[in-house]
Amino acid sequence: MTPPAIRLFNTMTMQKELLQPAIPGEVGVYVCGPTVYSYIHIGNARTFTSFDVVVRYLRHRGLKVRYVRNFTDVDDKIIKAAAETGEAPVELAARYVEIFREDTRALHLLEPDFSPRVSDHLPEIIAIIQKLVDKGHAYASQGDVYFSVSSDADYAKLSKRNLDELCVGERVQPGEQKREPLDFALWKAAKPGEPAWESPWGPGRPGWHIECSAMSAKYLGETFDIHGGALDLIFPHHENEIAQSESANGVTFARYWMHCGFLDLEGAKMSKSLGNVVRLRDALTKVDPEALRFFFLATHYRHPLSFSDKALADAETRMEYFYETLRKVDERISGKDFGKGPLHGDPQRFFTEFESAMDDDFNTAGGLGALSGLFGMMNELTDKPPVKDKALVGRTLQALREDVRRVSGVLGLFEDAPDAWLLRRRERAVRERGIDVAEVERLLGERTAARAAKDFAAADRVRGELKQKGVEIMDTPAGTTWKVAPLQG
RNA sequence: GGCGCCAUAGCCAAGUGGUAAGGCAAAGGUCUGCAAAACCUUCAUUCCCCGGUUCGAAUCCGGGUGGCGCCUCCA
């Protein structure tokens with residue numbers, strides 16, 4: 001099998017490059033996970049969804065992926081949050097790890113192969129700090145240990161920053177024991193009451209950045225293929241990881257750097273100070289998880305994405321179309337044998353087109369475009385078959401449905417049973433709009449009776465009444481069904 | 001100030017040298033007792049502006065204009 005020609009944008013070189021894993025056929029992926037001191041927000045969700053698809057697609061292309069996403073469970077923010085709730089920091093962190101798992105499961109995110117936590121990797125962290133001290137890249141100072149940025153000749157190569165410019169900003173805080181402003185903490189001496197571990201420099205805890213250097217090396221090796229995160233991690237987080245790892249190990253750290261763009265709230269930045277942070281958990285009470293995924297994937301991962309009710313509503317409308325189609329198709333083909341033989345038209349072309357888009361830097365938006373053709377063909381074959389041969393149509397439908405399954409595996413979309421998804425969506429809409437289902441059923445019964453009596457005026461009156469309540473009805477050969485009408489505007 | 005990104009129809013959004021995907025919305029049609037859904041058709045001679053390179057540019061280069069991000073914790 002020839003290796004897949006996947007190209008990806010590497011932040012280090014600022015270019016799209018052909019993915020050539022260090023070990024052919026195997027890919028190590030490290031994604032910076034959450035600092036578990038709170039609920040994750042929809043921006044986090046976008047980033048993790050993007051990398052979820054990256055991993056799924058690499059696997060789809062036959063690569064053996066080792067996927068690592070850490071939990072930072074030792075951190076200043078956690079200590080602060082714990083002080084507020086009265087919990088022990090480790091307990092609070094563990095609680096939010098579970099919450100993170102629940103939230104991401106709802107979004108259909110894959111569980112990584114490894115989800116290492118800082119608190120389980122103190123020996124590895126201390127070892128790499130010691131290595132840096134021994135090599136002269138770090139120095140201890142009153143219980144703290146700092147990385148010496150001036151000891152690293154190519155510091156800032158990822159963010160392409162000018163060191164002189166960086167030095168201009170005043171960075172030495174009173175009370176810090178740094179030699180130079182840019183130096184950053186690898187180890188922080190414990191203050192009374194803070195969680196602390198024993199170390200050669202006294203009791204303390206790891207600084208931010210070092211855990212990723214230590215844990216990525218443990219699970220993926222000193223050199224690995226893809227390191228991902230959102231844009232804001234480029235500096236200082238990823239820059240510092242590179243400095244630590246490459247200074248300690250003397251080899252290239254990550255070979256490809258992928259960074260996801262930001263999600264904003266209709267142009268406004270989501271920030272805690274503005275109080276406009278939208279939690280994933282809260283968003284999922286208003287929008288279907290798959291619709292949210294669709295919304296994320298409809299824009300390229302490196303581009304900015306604007307979160308709005310309108311955009312979410314569009315995504316749901318689209319998901320409904322997809323699931324309505326799948327329901328019809330499943331009804332038509334499930335459990336049937338259409339024999340072997342040729343297919344109608346060229347149904348494979350859509351999936352090929354999908355893969356081409358995905359090969360080009362995981363262009364999910366382009367890939368979704370190909371799906372339009374695929375779903376269009378399924379609807380055409382189901383509702384208005386251009387050929388009479390039922391077996392031919394059935395076989396083609398089966399082939400298309402199989403491609404949808406393959407797309408599901410990659411995008412994490414259409415994973416539910418169509419009926420279940422459609423019903424769930426209706427139930428949520430019913431709740432939101434305060435629709436009385438029993439009354440809807442009663443009116444539907446009245447209308448069915450009126451129609452049977454050919455009293456169409458009465459039937460239309462009932463339709464109008466339901467429409468007022470936000471209910472749209474559909475007459476099908478199997479009887480009348482209904483759904484909640486889309487909101488206008 | 002430094003580093004970097006973005007600008008495509010009413011809206012969302014692909015496309016990075018070969019003559020503008022896809023979606024939402026809208027309009028017409030087929031189907032329907034009427035609808036809904038589905039399907040078909042229409043909907044950017046043009047890609048923020050001005051120059052340049054080229055046989056050819058939304059795509060490359062230069063200069064503007066307008067948004068945005070990072071440079072401090074941040075996905």
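Buried means under 20% relative accessible area, exposed over 50% and partly exposed in between, with a 1.4 Å probe and protein chains only. This is a predicted model, in which local features need pLDDT of at least 70 and side-chain atom pairs count only at pLDDT 80 or more, while totals for chains, interfaces and linings use all residues. Residues are numbered from 1 along each chain as its sequence is written, chains are lettered from A and ligands numbered from 1 in the order in which they are written, and side-chain values use heavy atoms, with hydrogens and water left out.

Select Tyr57 and Phe362 to begin; both are buried. Rings of Phe, Tyr and Trp (its six-membered ring) pair if their centres lie within 6.5 Å, and planes under 30 degrees apart count as stacked, over 60 as edge-to-face and the rest as tilted. The rings of Tyr57 and Phe362 are edge-to-face, 6.2 Å centre to centre with 90° between the planes.

Next, select Phe48 and Phe100, which are both buried. Their ring centres are 5.5 Å apart and their planes stand at 85°, so this pair is edge-to-face. In total, 22 aromatic pairs are counted by this rule.

Proceed to the aromatic cluster formed by Phe294, Tyr321, Phe322, Tyr323, Phe375, Phe414 and Trp421.

Then display two arginines. A charge sits over a ring if NZ of Lys or CZ of Arg is within 6 Å of the ring centre and within 35 degrees of the ring normal. Arg179 lies over the face of Tyr139, 3.8 Å from the ring centre, and the charged end of Arg406 is over the ring of Phe351, 3.8 Å from its centre.
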